[in-house]
Amino acid sequence: EALKVNATVTKLDICHNQIGDVGANHLADALAANVTLTSIGLLQNRLTEAGARALVAMAESKPNQIKSLCGLAADATVADFSERYLDADDVLLVAFELRANTTFTKMELTNNQIGAVGAQNIAEALKV
């Protein structure tokens with residue numbers, strides 16, 4: 001509830017907290033009302049596709065505000081996600097980065113477990 005009314009926090013990192021889909025849905029609801037957060041670190045939270053898509057949909061509904069779901073700065077040119085144990089559902093959040101941030105010149109995704117579905121999500125984001 002505090003996130004709904006907080007008017008000072010611009011970056012929040014809750015990576016590695018195992019929030020799961022229930023937490024993701026609560027967070028998406030709170031973030032929809034927030035007007036200051038621009039960067040939220042959400043990787044490695046045991047999300048399924050449904051939870052990741054709920055967070056991405058919320059972020060996409062605020063294109064002038066939320067620029068990162070992976071905790072990156074809005075003007076980042078390099079993103080190193082190497083050896084982070086990311087899976088295909090985490091890659092949905094990374095794919096949002098590719099669509100929301102037009103300043104990237106390099107993104108590293110080596111040594112993860114993204115699989116064919118994750119690769120497809122990245123490929124779709126690169127088409128935009």
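**Close-up views of a predicted model**

The chain of this predicted model averages a pLDDT of 93, and 99% of the residues score at least 70. Here pLDDT is the predictor's confidence in each residue, from 0 to 100. Residues are numbered from 1 along each chain as its sequence is written, and side-chain values use heavy atoms, with hydrogens and water left out. Because the model is predicted, local features need pLDDT of at least 70 and side-chain atom pairs count only at pLDDT 80 or more, while totals for chains, interfaces and linings use all residues.

**View 1. Confidence by element.** Among the elements of the chain, helix α1 (residues 2-5) has the lowest mean pLDDT, 83. Helix α3 (residues 49-60) has the highest, 96. Helices (H or I, at least four residues) and strands (E, at least two) are DSSP runs, numbered from the N terminus. Where pLDDT is low, the predicted coordinates should not be read in detail.

View 2. How many disulfides does a search of the whole structure find? The search finds zero. A disulfide is a pair of cysteine sulfur atoms within 2.5 Å. The closest cysteine sulfur to that of Cys15 belongs to Cys70, at 7.5 Å, so the two are too far apart for a bond. Cys70 is likewise in no disulfide, with the sulfur of Cys15 as its nearest cysteine sulfur. Cys15 is buried, at a relative accessible area of 14%. Cys70 also counts as buried, at 7%. Buried means under 20% relative accessible area, exposed over 50%, and partly exposed in between (1.4 Å probe, protein chains only).

**View 3. The loop at Gln18.** Gln18 sits in the loop between β1 (11-13) and α2 (20-33). Its phi is near 50°, a positive value in a residue other than glycine. Is Gln18 buried or exposed? Gln18 counts as exposed, with 52% relative accessibility.

**View 4. The loop at Asn111.** The loop between β4 (106-108) and α5 (115-127) holds Asn111. Asn111 is not a glycine, yet its phi is positive, about 55°. With 54% relative accessibility, Asn111 counts as exposed.

**View 5. Helix α4 against helix α5.** The axes of α4 (residues 88-100) and α5 come within 9 Å and cross at roughly 10°. Therefore α4 is roughly parallel to α5. Axes are lines fitted to C-alpha atoms, for helices over the stretch in contact, and angles run from 0 to 180 degrees between N-to-C directions. Angles under 35 degrees count as roughly parallel, over 145 as roughly antiparallel, 65 to 115 as roughly perpendicular and the rest as oblique. From α4, the contact residues include Val91, Leu92, Ala95 and Leu98. From α5, they include Val117, Asn121, Ile122 and Leu126. Contact means heavy atoms within 4.5 Å. The residues of the contact divide into ten nonpolar, two polar and one charged. Ala, Val, Leu, Ile, Met, Phe, Trp, Tyr, Cys and Pro count as nonpolar, Asp, Glu, Lys and Arg as charged, and the others, Gly among them, as polar.

**View 6. Asn121 in helix α5.** Asn121 is found in α5. Asn121 is buried, with a relative accessible area of 13%. Which residues does Asn121 touch, not counting those up to four places away in sequence? They are Arg53, Ala88, Val91, Leu92 and Ala95.

**View 7. Leu93 in helix α4.** Leu93 belongs to α4. At 0% relative accessibility, Leu93 counts as buried. Leaving aside neighbours within four places in sequence, its contacts include Leu42, Leu47, Leu55, Val56 and Cys70. Leu93 and Asp29 lie 64 residues apart in sequence and 17 Å apart in space, C-alpha to C-alpha.
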